[in-house]
Amino acid sequence: MKNVMILVPETAIPAAIVDPRYMFSAINEFYKSMELQPAFNIKLVGMSKEVKLSDGLISFHPDFLLNEVKKADLIIIPALSGNMAQAIKQNEGFIPWIQDQHRKGAEIASLCVGAFLLASTGLLNGKSCSTHWLYANEFRTMFPEVYLADDKVITEQNGIYSSGGATSYWNLLLYLVEKYTNREMAIMASKFFLLEMGRNSQSPFVMFQGQKDHEDTQILNAQEFIEKHYQTKLSVEDLADRFGIGRRTFERRFKKATSNTVIEYIQRVKIESAKKQLEGGRKTVNEVMYDVGYTDLKAFRDVFRKLVGMSPIEYRNKYNF
């Protein structure tokens with residue numbers, strides 16, 4: 001039986017505590033119905049005996065305090081809410097405990113923006129991680145030593161797991177069920193919770209918002225120019241000349257400030273506009289392509305699929321309203 005410890009941090013989102021408990025409890029019930037021993041010993045762990053969340057509307061009473069946990073096989077870090085820097089400060093007591101449990105062999109999984117607390121332990125340095133796409137720029141700023149795979153629903157490296165935004169953590173929970181039990185249990189859980197197995201990208205849900213929380217005024221002006229003139233043909237050379245910066249210096253500063261190359265940024269702005277037109281308009285894919293400044297249909301489709309994870313037609317069929 002695996003010891004699953006679900007943390008109850010301050011400012012946690014209650015559903016991100018309740019849902020993993022529900023998932024692993026359901027698996028135990030499946031086993032019981034087959035007259036087999038439960039697979040998981042599920043406990044809530046906190047820094048205090050009562051944790052009030054959602055402005056005091058909900059109270060959690062952890063089964064254990066940190067110093068009472070003898071052995072954890074899997075630690076679940078739920079999503080946090082509010083200001084991430086403040087949330088980390090309020091929960092810094094968890095950090096040495098997580099580090100110690102990991103040294104003792106525990107695996108660790110963060111749900112959504114629980115990745116901020118996980119990254120604060122240093123255990124993600126040099127590794128890949130996912131989190132909610134809306135927090136991607138903030139995460140990169142706070143944890144530059146972590147590779148953020150913000151298009152991924154699930155990441156796994158050396159027993160450390162993370163999930164993408166919001167309810168995509170259900171896909172990680174399903175993944176963990178299969179790893180800790182078997183495929184049969186995972187399929188039963190997917191049917192019970194109505195979850196799609198094998199979902200691995202949150203790209204279709206991402207709304208591109210360029211990284212502008214930096215102090216490079218010239219690059220900020222370049223970003224704004226791109227966003228206003230994305231329908232026209234833009235080149236790195238022309239942009240560098242316009243803002244009086246050498247090309248190599250411009251590219252280096254742009255990448256440092258935005259976490260995107262100039263070409264990537266232009267592509268993302270164009271594709272974000274295309275997505276909006278496909279969602280709410282009646283234009284054909286070709287018309288949308290021309291509107292956002294592409295003239296080669298294959299090139300447009302290739303870039304769209306790379307950034308969104310599906311073709312323009314598939315996107316329109318799925319999200320048009």
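This is a predicted model: local features need pLDDT of at least 70, side-chain atom pairs count only at pLDDT 80 or more; totals for chains, interfaces and linings use all residues.
**View 1. The protein chain holds 14 helices and 11 strands.** Helices (H or I, at least four residues) and strands (E, at least two) are DSSP runs, numbered from the N terminus. The C-alpha trace spans about 65 × 40 × 35 Å along its principal axes. Of the 321 residues, 49% are buried, where buried means under 20% relative accessible area, exposed over 50%, and partly exposed in between (1.4 Å probe, protein chains only). Contact means heavy atoms within 4.5 Å; among contacts with a separation of 6 or more, 62% join residues 24 or more positions apart.

**View 2. Seven strands make an open sheet with mixed pairing, in the order S5-S2-S1-S6-S7-S11-S10.** Strand S5 (64–65) and S10 stand at the edges with a single partner strand each, so one side of each has no neighbour in the sheet. Two strands pair if DSSP finds at least two bridges between them.

**View 3. Strand S11 (residues 160–163) has buried residues pointing both ways.** Ile160 and Ser162 point one way, Tyr161 and Ser163 the other. With strand S7 (residues 107–110), S11 pairs in the parallel sense over 3 bridges, and Ala109 has Tyr161 as its bridge partner. With strand S10 (residues 154–157), S11 pairs in the antiparallel sense over 4 bridges. S10 and S11 form a hairpin with 2 residues between them, and Asn158 in the turn has a positive phi of about 50°.

**View 4. Helix H3 (residues 94–103) has Phe94, Ile95, Trp97, Ile98 and Gln101 as its buried residues.** Seen down the axis of H3, these fall within an arc of 165° (taken from the directions from the helix axis to the C-beta atoms), so they line one face of the helix. Their cover includes strand S1 (2–7), strand S2 (40–46), strand S6 (74–77), S7 and helix H4 (115–120). Just after H3, Gly105 takes a positive phi of about 110°.

**View 5. Lys270 sits in helix H11 (residues 262–280).** Lys270 counts as buried because its relative accessibility is 7%. Leaving out residues up to four places away in sequence, Lys270 touches Tyr230, Gln231, Thr232, Val292, Gly293 and Tyr294. A polar atom of the Lys270 side chain lies 2.4 Å from the backbone oxygen of Tyr230. Asp291 is 21 residues away along the chain, with 9.1 Å between the two C-alpha atoms.

**View 6. The largest pocket is lined by 34 residues.** A pocket is an open set of points on a 1 Å grid over the protein atoms alone, where a 1.4 Å probe fits, with protein on both sides within 12 Å along at least five of seven lines; lining residues have an atom within 4 Å of a point. Nearest its centre lie Ala136, Arg140, Asp150, Asn260 and Arg268. Helix H5 (136–142), strand S9 (147–148), helix H10 (247–258), H11 and helix H13 (297–308) each give two or more residues to the lining. The largest share, 6 residues, comes from H11.

Methods
Residues are numbered from 1 along each chain as its sequence is written. Side-chain values use heavy atoms; hydrogens and water are left out. A polar contact is a pair of N or O atoms within 3.5 Å; within protein, one must be able to donate a hydrogen and the other to accept it, and residues adjacent in sequence count only if both atoms are side-chain atoms.
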